[in-house]
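Let's take a friendly walk through this fold, with the sequence and the model side by side.

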Amino acid sequence: MSESSLYHLVCRECAEEQVVESAAAAKQRAADHEALTGHRLDFARVA
Ligand SMILES: [Zn+2]
């Protein structure tokens, strides 16, 4: 299957930055970061 997307996550409120391979992972990371810090991660598909 062609699940080869990349999503770049960036926090506007701290230095957090990650690249993940699926929208589901991006949403999970964003939820985790928000749970830990109260910050919102923005994510954009980059590939
Ligand atoms: Zn943050």
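Is Gln28 buried or exposed? Gln28 is exposed, because 12 other C-beta atoms lie within 10 Å and a residue counts as exposed at 12 or fewer. Please keep in mind that this is a predicted model.

Gln28 belongs to helix H1, which covers residues 23-37. Gln28 is 21 residues away from Tyr7 in sequence, and their C-alpha atoms are 12 Å apart in space.

After H1 comes Gly38, which has a positive phi near 80 degrees.

Now for the sheet. Three strands form an open sheet in the order E2-E1-E3, and their pairing is antiparallel. Strands E2 and E3 are the edge strands, each pairing on one side only. From one strand to the next, the twist averages 20 degrees. In general, the strands of a sheet pair through backbone hydrogen bonds, in either a parallel or an antiparallel way.

Here are the strands with their residue ranges:

| Strand | Residues |
|---|---|
| E1 | residues 7-11 |
| E2 | residues 17-20 |
| E3 | residues 41-45 |

E1 and E3 are joined by five bridges in the antiparallel sense. Cys11 has Leu41 as its bridge partner in E3.

Finally, how do helix and sheet sit together? H1 lies across E1, E2 and E3, and it runs at about 15 degrees to E1.

How values were computed:
Residues numbered from 1 in each chain as written. Predicted model: local features only at pLDDT ≥ 70, side-chain atom pairs only at ≥ 80, totals over all residues. Helix = DSSP H or I, 4+ residues; strand = E, 2+ residues; numbered from the N terminus. Buried ≥ 20, exposed ≤ 12 C-beta atoms within 10 Å, placed from the backbone. Pairing = 2+ DSSP bridges. Axes fitted to C-alpha atoms, helices over the stretch in contact; angles between N-to-C directions. Contact = placed C-beta atoms within 7 Å.
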